[in-house]
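User: Hi there! Could you take a look at this model with me and talk me through its overall build and its surface charge?

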Amino acid sequence: MTKPDRIPCVVPFCGRTAKRLPDDGPDTEIICGKHYRLADKRLRKAASLARRRGNRFYEKYKAAHETKQFEVADELFHQCRRYARIHMWLWSRIKKQAIEAAAGIA
């Protein structure tokens, strides 16, 4: 059992954990470095790119919303959500590959 201030690796029977940050939700997942490297490099790069682009659109959305440019903010919000969905899909693929590789299936 892990402490409440730690997040366990998603790979079964991996004892590695990471520190929980104040803005982490209850459903936050991590893959430790050892298992993360077992996933396909192209998937990892694509997920990183999607996350960075989503964060960039979110920052632009916040700025447009604060300046009351609601039509622009609407479009930026949709782009932000689009990249978040792409990142979540890629994360699930990375997680699946890491678990399978750790179990010796792939």
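**Build and surface charge**

User: Happy to start simple: how many helices and strands does the protein have?

Analyst: Keep in mind that this is a predicted model. Read along the sequence, the pattern is β-β-α-α-α. The count for the protein is therefore three helices and two strands.

User: What percentage of the 106 residues counts as buried?

Analyst: A residue is called buried when its relative accessible area is under 20%. Of the 106 residues in the protein, the share that counts as buried is 24%.

User: Now the charge, please: which element gives the largest share of the positive patch?

Analyst: The positive surface patch includes Lys41, Arg53, Lys60 and Arg82. The elements giving two or more residues to the patch are α2 (41-66) and α3 (70-103). With seven residues, the largest share comes from α2.

User: Is Lys45 buried or exposed?

Analyst: Lys45 is one of the residues forming the positive patch, and its place is in helix α2. The cut-off for exposed is over 50% relative accessible area. Lys45 has 56% relative accessibility, so Lys45 counts as exposed.

Conventions: Residues are numbered from 1 along each chain as its sequence is written. This is a predicted model: local features need pLDDT of at least 70, side-chain atom pairs count only at pLDDT 80 or more; totals for chains, interfaces and linings use all residues. Side-chain values use heavy atoms; hydrogens and water are left out. Patches are made of residues with over 30% relative accessible area and no salt bridge: like charges are joined within 9 Å, nonpolar side chains (Val, Leu, Ile, Met, Phe, Trp, Tyr) within 5 Å. Accessible areas come from the Shrake-Rupley method with a 1.4 Å probe; for residues, only the protein chains shown count as cover. A salt bridge is a side-chain nitrogen of Lys or Arg within 4 Å of a carboxyl oxygen of Asp or Glu. Lys and Arg count as positive and Asp and Glu as negative; His and the chain ends are not counted. The place of a charge is taken as NZ of Lys, CZ of Arg, CG of Asp or CD of Glu. Helices (H or I, at least four residues) and strands (E, at least two) are DSSP runs, numbered from the N terminus. Buried means under 20% relative accessible area, exposed over 50%, partly exposed in between (1.4 Å probe, protein chains only).
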